[in-house]
Amino acid sequence: MIKEPTNVEKIRGLPWGIGADAANTVFAQFTFFGSAFILFLSQLNFNNTQIGFLFSLIPFSGVVALFVAPAVARFGYKRTFLTFWGLRKVVTIFLLFTPWVVAKFGGAVALIYITVIVIAFSLFRAI
């Protein structure tokens with residue numbers, strides 16, 4: 001039987017929860033949801049259509065949540081959240097290699113590379 005945390009334990013964990021949410025918000029604004037990502041893509045010489053395409057992938061993948069909900073319920077909500085929260089952080093690290101991909105293979109391959117990263121991030125976020 002799972003014991004529910006007491007009010008004291010909940011209050012003790014509250015600053016950690018608020019801190020984690022604040023850190024995740026800053027992370028999101030600097031990576032995929034903020035103007036820094038638009039400037040990053042613009043610096044890579046992507047046109048507005050390509051940038052718009054990349055940004056459209058994030059909300060579109062939310063449909064996946066309907067189909068994975070039964071599997072999430074079987075696997076466990078907390079375990080699923082922690083797994084996919086960590087995976088989307090790992091996938092985001094691959095954005096650091098984008099300048100190398102542009103220098104080595106060119107802009108067209110870089111667009112495909114970033115598209116795969118954004119799709120993976122948005123799927124992990126939806127799950």
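Gln50, Phe53, Leu54, Leu57 and Ile58 of helix 3 touch Leu111, Ile114, Thr115, Val118, Ile119, Ser122 and Arg125 of helix 7, where contact means heavy atoms within 4.5 Å. By class, this meeting place has eight nonpolar, three polar and one charged residues. (Ala, Val, Leu, Ile, Met, Phe, Trp, Tyr, Cys and Pro count as nonpolar, Asp, Glu, Lys and Arg as charged, and the others, Gly among them, as polar.) The model is predicted, so local features need pLDDT of at least 70 and side-chain atom pairs count only at pLDDT 80 or more, while totals for chains, interfaces and linings use all residues. Residues are numbered from 1 along each chain as its sequence is written, and side-chain values use heavy atoms, with hydrogens and water left out.

**Helix 3 and helix 7**
- Helix 3 covers residues 48-60 and helix 7 covers residues 107-126; helices are DSSP runs (H or I, at least four residues), numbered from the N terminus.
- Their axes lie 8 Å apart, at an angle of about 20°. Axes are lines fitted to C-alpha atoms over the stretch in contact, and angles run from 0 to 180 degrees between N-to-C directions.
- Helix 3 and helix 7 are therefore roughly parallel, a label for angles under 35 degrees.
- Their crossing is right-handed, meaning that the near helix is turned clockwise from the far one by less than a right angle.

**Helix 1 and helix 5**
- Which angle do the axes of helix 1 and helix 5 make? Helix 1 (residues 7-31) and helix 5 (residues 77-93) cross at roughly 35°, and their axes come within 12 Å.
- On the helix 1 side, the contact is made by Asn24, Phe27 and Thr31, and on the helix 5 side by Trp85, Arg88, Lys89 and Thr92.
- These residues divide into two nonpolar, three polar and two charged.

**A salt bridge**
- One salt bridge turns up in a search of the whole structure; the term stands for a side-chain nitrogen of Lys or Arg within 4 Å of a carboxyl oxygen of Asp or Glu.
- Glu4 and Lys10 form this link, with their closest N and O atoms 3.3 Å apart.
- Glu4 counts as exposed because its relative accessibility is 59%, whereas Lys10, at 42%, counts as partly exposed. (Buried is under 20% relative accessible area, exposed over 50% and partly exposed in between, with a 1.4 Å probe and protein chains only.)

**Thr98**
- Beyond neighbours within four places in sequence, Thr98 is in contact with Phe40, Leu44, Tyr113 and Ile114.

Definitions and conventions
Helix = DSSP H or I, 4+ residues; strand = E, 2+ residues; numbered from the N terminus. Parallel < 35°, antiparallel > 145°, perpendicular 65-115°, else oblique.
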